[in-house]
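Subject: Structure handover

Hello,

Here is the structure for your files. My notes come after it.

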Amino acid sequence: MTNEEKKCIAQFEIHHTQLLNQAGELVGPLPDFAASYETLLALYRTMVQTRTFDSKAIALQRTGKMGTYSSSMGQEAVATGIGHAMRFEDVLLPTYREYAAQFQRGVAMSEILRYWGGDERGMAYANQPHDMPITVPIATHVPQCAGIAYAMKLRKEARVAVCVLGDGATSKGDFYEGINLAGAWQLPMVVVVTNNHWAISVPREVQTRAQTLAQKAIAAGIPGEQVDGNDVIAMRHVISNAIEKARSGGGPTLVEAMTYRMHDHTTADDASRYRDQSIVDEHKRLDPIDRLRKYLTANHNWDDDKEKSLHAACAAEVEVAVNDYLETPPVPPETMFDHLYETLPDALQAQRDEVEQLGKQKKGGDHHG
Amino acid sequence: MAEITILEAVNLALARALEENPDVVVFGEDVGVNGGVFRATEGLQKRYGAERVLDTPLAETMIAGMAIGMAAQGLRPVAEVQFMGFIYPTIEQMICHATRLRNRTRGRITCPMVLRAPYGGGIHAPEHHSESTEAIFAHMPGLRVVIPSSPLRAYGLLLAAIQDPDPVVFLEPKRIYRMMKQEVPDDGEALPLDVCFQLRDGADVTLVTWGAMTHETLQAAEQLAAEGISCDVLDVATIKPLDMETILNSVAKTGRCVIIHEAARTGGVGAEIAAQLAEHGLLSLFAPVQRVTGYDTIMPMFKLENDYMPSTERIITAVKKTLEEA
């Protein structure tokens, strides 16, 4: 039988949203929130602050003052839109390029530096009680997001869980298991796939034959859509709609945000081994920060003076965070036992004592040496 | 008071936990309407509703992952994996997340979850339904691994596991699910975790075991008693973290030790106990420590499963071997 002779029993479409084109021109209806200069400025500021932080973090790693770091350069609009669309009481499950969302949600820049500086205290998030720490294993947080969303649903709370992952993560079973449950149980959650075209060295085309990643939602019975992830207005708009739909009982959504990883995978990676600089340069033209600046310049009297003073303010904030990070008091070695269980089991006390003793000897030795 | 089986004690503890704490949620494959393939959750969905006793899609990674998410939000999830042979997809969730969440966040977010699974051989089950791989979990820092061996301990230890502020893997020895009955008062009293239970007082040799093997071990102790050999029998119960103090005190008294477990020998929990006896109790030993365990083979299908698992005879032989030494 030819397809014409077979009966079509289901059809699906994937839609893409772009509101600002790469020239910073409005190409769709302006969402209400974007009429406010203050709101646009807040989005712009977050992106600039995140990029300033990013450059500094890379510099800290390059000068031996921090461990491996994963840059979010070029992708700032994705997490900026997510963070701005969420309420404080919602829960974010980030991976390692969502600093812009984390900063808006109360995570301190110094905490992120501490984390990449090899210190668990960088995940204590003094001003963010709800959010999960950065997830390093790929896609394992999608099922967790479903569990968090189920807890919210069971308690009839008007809260939403938002999980962010990369394009490579959609190849993992955890991703599918999680979105499948989200659909089956109509959970208040939003899954954002940040498609930055690269899973370390493996390009998106090699990752999957699927035409879009958004369409993976269809198999889970949930809506999937694509958004220009370098257009912060579209990003904020699409994510906000998905979050508010979930909050009001409308079920989960999968959003594929199209962006590009401008930096190496991490500071331990060298992208020149597997991609041409010319491709990266092409993507520079799509830069999310340039795009909003052009819009602000054309529509809200943004100028060089404002730009300079914003950059200076962001640099000063980052400087404070860096100093705070560099002055972090050392962590006593025996504390590696202190958050293992609520109460340390007797079986581990001797090991803790040993570490404490060795730590004291070392400290004494350092002192005398 | 009616006497009940281990299986019924598990059900009773789950019902008590659901009754007393609205944060308790019970879920897994076939757990709800069907009441679990062994009937451990029978009747719970009817009594506590489909919002708290749930049938999940068939996905073990997700079952563990959602339990972590629920626990992170302050629920007390009790997740079931249908057989230990299907627990392996949960390992990444357990080792990378459940066990580490408190530590990673310096106590900001915790993970009070229980992952239940029937384990062990001896029920003539198909392939992948008979393994004892508890050592995999016992190796994970931040976790508790608890194994009951009687209806009383199944009830009290499961309640303790659910009340515990940290993640617990609760392994139920399915061969003895219905083997014995005991009176179990439904008083909501938890038993202590992290401690061994003395099942029999003796002076000549210490027998250390857990799970279904307590049955053969007690049989061996009974037969040896008839020959005038007195065995101190310990049920480890919480294999992680280990209560070595009780084991060392017993060995200080007897000077001899036989460790019995169903799991493969190399890297089994018995190896850890033997190592700690060597470190902390060597001078009280009159004879080398003996291990009676499953072999370092694939758990055979059921035609050979009884040849794989420690028998009462193998335990008696090992005890006598320790007594041959002066």
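The notes below cover the interface and then the aromatic residues.

This is a predicted model, in which local features need pLDDT of at least 70 and side-chain atom pairs count only at pLDDT 80 or more, while totals for chains, interfaces and linings use all residues. Residues are numbered from 1 along each chain as its sequence is written, chains are lettered from A and ligands numbered from 1 in the order in which they are written, and side-chain values use heavy atoms, with hydrogens and water left out.

Interface. Chain B puts 45 residues and chain A 42 residues into the contact (heavy atoms within 4.5 Å). Between them they bury about 3600 Å², 58% of it on carbon and sulfur atoms (accessible area lost on being put together, 1.4 Å probe, summed over both). There are three salt bridges between chain B and chain A (a side-chain nitrogen of Lys or Arg within 4 Å of a carboxyl oxygen of Asp or Glu). Glu51(B) and Lys156(A) form a salt bridge at 3.9 Å, N to O.

Aromatics. Over all chains, the whole structure holds 14 aromatic pairs (ring centres of Phe, Tyr or Trp, its six-membered ring, within 6.5 Å; planes under 30 degrees apart are stacked, over 60 edge-to-face, the rest tilted). Trp198(A) and Tyr274(A) have ring centres 5.5 Å apart and planes at 50°, so the pair is tilted. Trp198(A) is buried at 11% relative accessibility, and Tyr274(A) is partly exposed at 21% (buried is under 20% relative accessible area, exposed over 50%, partly exposed in between; 1.4 Å probe, protein chains only). One aromatic cluster consists of Phe53(A), Tyr69(A), Tyr99(A), Phe103(A), Tyr115(A) and Trp116(A).

Regards

Key. Buried area = accessible area lost by both parts, 1.4 Å probe.
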